[in-house]
Amino acid sequence: MKLSLLFFTVGLVLLLLQTTFLHLLPLGPVVPDLVLVLCVYWGLHHPTVGAALGSFILGYSVDVVSSPILGLNAFAMSLVFLAVYMTSRSIWLHSATVSAVVVLLASLVKGAGLMLAWVLFLDAEGLWLGALRYLVLEALLAAVLAPAVFALLRRGQVYFEGLKIAAG
């Protein structure tokens, strides 16, 4: 549970970066979804109830900070966590390259889930043209950054577990 709280705190920092400083990069409206990368890491390496709850809360936090509709990102992050967790139970996914591919696919699953929810519950006129382009670009950007973010999360996890062993 303490590790999930540590990763949740990291998720809040990633959310802050994602919604503020990363918009200053010269990439236009495309911003890497670092919270999604954390949710994929949770699903692959630390699938607990705390991680599932953390994915939902971080998704809801994305909604509160940057979305006009509450609940869409909470649904999408929960969907991503569940899909990655179910996938990791049947396929061995622990190399950096494969993890980047999983982040790419998870980002596309998130985008498809968001678009499906948007079409079912809201007006979808004009959604397809811009959404598909940004969805693919953001998925590629998240996949490129995933190995570095995974390495930092893994290093933090090893450090935290080392502290836990030294104290106990």
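These legends accompany close-up views of aromatic rings in a predicted model.

**View 1. Aromatic pairs across the structure.** The structure holds four aromatic pairs. Rings of Phe, Tyr and Trp (its six-membered ring) pair if their centres lie within 6.5 Å. Planes under 30 degrees apart count as stacked, over 60 as edge-to-face and the rest as tilted.

**View 2. F56 and Y60 in helix 3.** The ring centres of F56 and Y60 are 6.4 Å apart and the planes stand at 20°, so this pair is stacked. Both residues belong to helix 3 (residues 49-66). Four residues separate F56 from Y60, about one helical turn. Helices are DSSP runs (H or I, at least four residues), numbered from the N terminus. F56 is partly exposed at 40% relative accessible area. Y60 is partly exposed too, at 35%. Buried means under 20% relative accessible area, exposed over 50%, partly exposed in between (1.4 Å probe, protein chains only).

**View 3. F81 and Y85 in helix 4.** Here the ring centres of F81 and Y85 lie 6.5 Å apart, with planes at 5°, so the pair is stacked. Helix 4 (residues 72-90) carries both residues, four apart, about one turn of the helix. F81 is buried, with 7% relative accessible area. Y85 is partly exposed, at 24%.

**View 4. An aromatic cluster.** F7, Y41 and F150 form one cluster of aromatic residues.

**Notes.** Residues are numbered from 1 along each chain as its sequence is written, and side-chain values use heavy atoms, without hydrogens and water. In this predicted model, local features need pLDDT of at least 70 and side-chain atom pairs count only at pLDDT 80 or more, while totals for chains, interfaces and linings use all residues.

Definitions and conventions
Helix = DSSP H or I, 4+ residues; strand = E, 2+ residues; numbered from the N terminus.
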